[in-house]
Amino acid sequence: MATIRQEQILSTAAALFAERGFHGVSVHDIGAACGVSGPALYRHFPGKDAILSEMLVGISHTLRTGGRTRVDQATDAKEALDALVAFHIDFALTNPALIVVQEREWTNLDESSREQVRELQLGYVDTWVGALRSLRPDLDQRTARAAVQATFGLLNSTPHSARISEDAMAELLTQMARRALLG
């Protein structure tokens, strides 16, 4: 569990990585944006690579756990899928920097972190696939997975496309995701 200071560092680093790219940001830049010296960050993370790793593994864990929780709390398959859509839209609209970093900086993770992120993400995708196939038994596993991942592309485009109010964007994305998944 990250401390409040670690959360601040991760949030600040996400904004900087999204704006300038991983290689365009130094530990000193992150420290300055957090109001501390760059070397003070080493009390919280071993380095910039560890910050990126914690960030992307952390968001992947949050998504997988949050997705499973919503499905477990749903009373039926429709409610489960609706809860997943709402959860992901809320995440995408409130964390645009993390969406951008996940999309652009994946290749800068070390192999171990890439494996963790991949495993967590596949678990999240499988949660969606299970919910979708409950409503669309006509879809085989591969087709359902492709539909879910294409829907993620739609929902994760918000950092680049959200030009209307957050509420209006959430409603638009909800309608589009339901149509994309349910046909």
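Tutor: Start with one term. A polar contact is a pair of N or O atoms within 3.5 Å; within protein, one must be able to donate a hydrogen and the other to accept it. Keep in mind that this is a predicted model.

Student: Which backbone oxygen does the side chain of Ser157 reach?

Tutor: That of Leu154, at 2.6 Å.

Student: Where is Ser157?

Tutor: Ser157 sits in the loop between H7 and helix H8, which covers residues 158-161. Its C-alpha atom is 9.1 Å from that of Pro96, although 61 residues separate the two along the chain.

Student: Is Ser157 buried, partly exposed or exposed?

Tutor: Buried means under 20% relative accessible area, and exposed means over 50%. Ser157 has 23% relative accessibility, so it counts as partly exposed.

Student: What about its partner, Leu154? Which residues does Leu154 touch?

Tutor: Leu154 belongs to helix H7. Leaving out residues up to four places away in sequence, Leu154 touches Leu173, Met176 and Ala177. Leu154 is partly exposed because its relative accessibility is 23%.

Student: Now helices. How do I check the length of helix H6?

Tutor: Count 1.5 Å a residue. H6 runs over residues 111-135 and has 25 residues, so it should span 36 Å. Its end C-alpha atoms are 36 Å apart, which agrees.

Student: What caps the N-terminal end of H6?

Tutor: Asp110 does. One of its side-chain oxygens lies 3.1 Å from the backbone nitrogen of Ser112.

Student: How do I read the sides of a helix?

Tutor: An α-helix has 3.6 residues a turn, so residues three or four places apart point the same way. Now look at H6. Its buried residues include Val117, Leu120, Tyr124, Trp128 and Leu132.

Student: What do the buried residues of H6 pack against?

Tutor: Five helices: H3 (48-73), H4 (77-94), H5 (96-105), H7 (141-155) and H9 (166-182).

Student: Is Arg114 buried or exposed?

Tutor: Arg114 lies in helix H6. Its relative accessibility is 18%, so it counts as buried. Beyond residues up to four places away in sequence, Arg114 touches Trp106, Thr107 and Leu109.

Student: How do I read a helix pair? At what angle do the axes of H4 and H6 cross?

Tutor: Look at closeness, angle and hand. The two axes come within 8 Å and cross at roughly 140°. The crossing of H4 and H6 is left-handed.

Student: Which residues of H4 and H6 meet?

Tutor: From H4, they include Leu81, Leu84, Val85 and His88. From H6, they include Tyr124, Trp128, Ala131 and Leu132.

Student: What else is Trp128 in contact with?

Tutor: Setting aside neighbours within four places in sequence, its contacts include Val148, Thr151, Phe152, Leu155 and Leu181.

Student: How should I think about the core?

Tutor: In soluble globular proteins, nonpolar side chains tend to be buried together. Here the largest nonpolar core has 54 residues. Those with the most contacts inside it are Phe17, Ile30, Ile51, Met55 and Trp128. H1 (4-20), H2 (27-34), H3, H4, H5, H6, H7 and H9 each supply at least two residues of this core. H4 gives the largest share, nine residues.

Student: Which residues of H5 are buried?

Tutor: Leu98, Ile99, Val100, Val101, Gln102 and Glu105. The buried residues of H5 pack against H1, H3, H4, H6 and H8.

Student: Where is Asn95?

Tutor: In the loop between H4 and H5. Asn95 has a relative accessible area of 23%, so it is partly exposed. Asn95 and Thr69 are 26 residues apart in sequence, and their C-alpha atoms are 19 Å apart.

Technical notes:
Residues numbered from 1 in each chain as written. Predicted model: local features only at pLDDT ≥ 70, side-chain atom pairs only at ≥ 80, totals over all residues. Heavy atoms only, no water. Helix = DSSP H or I, 4+ residues; strand = E, 2+ residues; numbered from the N terminus. Expected span 1.5 Å × (residues − 1). Buried < 20%, exposed > 50% of the residue type's maximum accessible area, 1.4 Å probe, protein only. Contact = heavy atoms within 4.5 Å. Core = buried A, V, L, I, M, F, W, Y, C linked by side-chain atoms within 4.5 Å. Axes fitted to C-alpha atoms, helices over the stretch in contact; angles between N-to-C directions. Left-handed = near helix turned anticlockwise from the far one by under 90°.
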